[in-house]
Amino acid sequence: MPSRSPLVKVFLLFIVGIIGPTGFLVYLGVQSIRTENLLLMKESRERVGKTAQAIQDQAQALISDTLAPLVQLANTLNGKSLAGIYTSLHGFQQEQGTWVHRLILLDSSHHLLYPIHESRNQPASPLSPLPLEARQRMQGAEQAEFKDHDYTTALKIYKSLEKETGSLRWKALLLASEAGCLMKMKQFDAAETQYHEILSRYAQEQNEQGYPLGLVIASQVGELQQAKGRSDLAAASHLRVFQDLVTGRWDLSLEELRFYVQHLTQRLQALEPHMSEGERDRWKKLQEQWDELKHSSSEAQSFVQTRWPALQRKLTETHQSGNPTLLFAKTDAREAIAYAPAYETGTGSLHHILLAEITTHPLMQKLEQTMAQLSAASNLAYRLEAVPGTLLTESRQKPEGKRWPLHGTLTQTVPALQLAIAPLSDVPVEQAAARRRHVYVGMVILAALVILIALYATWYAMSREMEVAQLKARFVASISHELKTPLSIIGFIGQKLQLGRYESQEEIQEYYGMISEETGRLKSLIDEVLDFSRLMENRQPYHKEPTDLVVLTRETAERFRNSQKEGRVQLDYLFEPVSCVIPLDREAISRAILNLLDNAVKYSSPGQAHITLSLKQTDHTAVLDIQDEGFGIPSEELERVFERFYRARSASNQENVRGAGLGLSIVQHIVEAHQGRIELQSTVGKGSIFSIRLPLTPTHA
Ligand code: ADP
């Protein structure tokens, strides 16, 4: 592999180790967050929309439910007689009094029909004259009755005319005249029969003044009973007429009603002493009813005159005049006018309008409940206003920043209720946010981890590079120094010999000795370097064969002693076993021992090297200790002396101690190749013990 500069390596490491993975992680994180956000937004929009629709539907349904009984009532009035209408409306109001305060019925021209007519439904119609001859006879009869008091003649003429005429109205009128004559003749029973005939058959006919005959005759029946001396019956009859009047049986205007009620009141006052307890109560109730009718009528009249035109305008403006609608009376929408138009079945044209003043409290309560439920289910905030700015109800929780993304009209009321809806931050959203937070934190942690690892790797690579560079520099420096010293000595001696600068043969001999010593030193240095490079590159295979370590150690040590100057080294042997045979590469182990011995001498004071070689054997291991009494190694450097090119400070300071810092790393390499271990104990100033521990049966040959 071509070597790259440290800078290029660092750059590549950054690209591969940091920018790549971090970028990829950030990309993944951003992608997942974006997708999640989109999903959330979509989900939230759909939720808001759906809930708004649901609220609107429910609100409309609730309003329809409120209006339903009134719409139904309005439709049942079609084709009913006035009395029937009054009974229905009155009955309804009695029943629904809790929420319906007032009912008003308008005809198609918006004239008041209930609780009172503004004018008669059927105005008094003119009486068609009798044929001339009959008219003359009629005049004769009237003269007989009113001037001559000849009731028999008058009765006879009335009867004959009654039989002849085809007009129902004339028949009814003539029957009434007959009854009048009979009364005057004091034939009360016969008169009563006539009255009953009119009441049962011609009650709806009008008299000459246009009053309904039913009413006129009914009040005359009371007079008759009184004339008969039956005050009790008279009172009962008058009370019945009174009741008919207040329950709207007769088509009369308020003024006409007043007139009749006044008339009856006078009669009843006179009859009061003859009334039973029950009748008196009934009269009292009727009077109250009459007062109520007067009151509600005048209120209805003022409503129609003052408020109705404006409401009607609003209905038209909002295009609601065709449908049943709620018109809110006040801004708080607590009261309303229910508007229920009814149409003729055939033509479809407006027949009448039923207006009901109602309280919307129950409706609003239900609406609030519905909104609260629906909003809670979808986790939304809501706000309901009658008109913009007038709050009706709102959710307990408000949206963040009070923003309402969705608002619009809620109902088809007048004015329409305004609904605003906003999503609340809810559990799913919070979960999503938490998920996103986790992703972010995870990403940051991962990125930080990747960066830290990459930084460490970079720092490690760089420091290794620098260390190697430093070691190389040191090696070059020391090796050149180591080479230079012997070479300059040899060179100096060579010069001396060449120039003949010596004084004796002994001197020449001394020079030769020096040359061979320095050459030996050079050789061993170069050998060391060559050994090292061979070993490091595993170029030299180990040839192991069973070898007696005791013998090998002794031979090597002796060889070493012989290579040294006489008396320079003192060697002691402390061998426990007599022999210790292990598969060994003899040459390599011997070189290791030599190296250690050489160091022991090098790092002892000159001429004072005292080395003890001891060999022990345990069950599995042979331990060879090479102990000197030299300078020792500081404890902080013990670990490092086995590193390549490393020379301890103590050694570097010794000017005359030469070395390349390779010896111990070669020893370590050899021992480890034998599955052994090298250990070191040392005390500065006292000496060092290097222990070679070799397994007795190595696992690999
Ligand atoms: P060299 O001897 O060439 O410097 P070595 O690898 O043999 O290299 O030794 C490394 C260093 O360990 C030496 O420089 C020396 O400082 C220290 N050292 C080795 N052996 C001894 C010893 N017996 N006593 C004291 N120091 C030693």
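**View 1. Lining of the second largest cavity in a predicted model.** The second largest cavity is lined by Tyr-86, Pro-115, Ile-116, His-117, Leu-245, Val-246, Gly-248, Trp-250, Leu-252, Leu-257 and Leu-293, and it holds about 60 Å³ of space. A cavity is a set of points, on a 1 Å grid over the protein atoms alone, where a 1.4 Å probe fits but cannot get out, and lining residues have an atom within 4 Å of a point. Grid points are joined across faces, edges and corners, and a volume is the space filled by probe spheres set on the points. By class, nine lining residues are nonpolar (Ala, Val, Leu, Ile, Met, Phe, Trp, Tyr, Cys or Pro), two are polar (Gly among this class) and none is charged (Asp, Glu, Lys or Arg). The model is predicted, with local features needing pLDDT of at least 70 and side-chain atom pairs pLDDT 80 or more, while totals for chains, interfaces and linings use all residues. Residues are numbered from 1 along each chain as its sequence is written, and side-chain values use heavy atoms, with hydrogens and water left out.

**View 2. The largest pocket.** This pocket (an open set of grid points with protein on both sides within 12 Å along at least five of seven lines) contains about 1,500 Å³ of space. Among its 41 lining residues, Arg-521, Ser-524, Phe-560, Gln-564 and Asp-598 lie nearest the centre. The lining comprises 12 nonpolar, 12 polar and 17 charged residues.

**View 3. Surroundings of Leu-549.** Leaving aside neighbours within four places in sequence, Leu-549 is in contact (heavy atoms within 4.5 Å) with Cys-580, Ile-582, Leu-584, Ile-589, Leu-615, Ala-622 and Leu-694.
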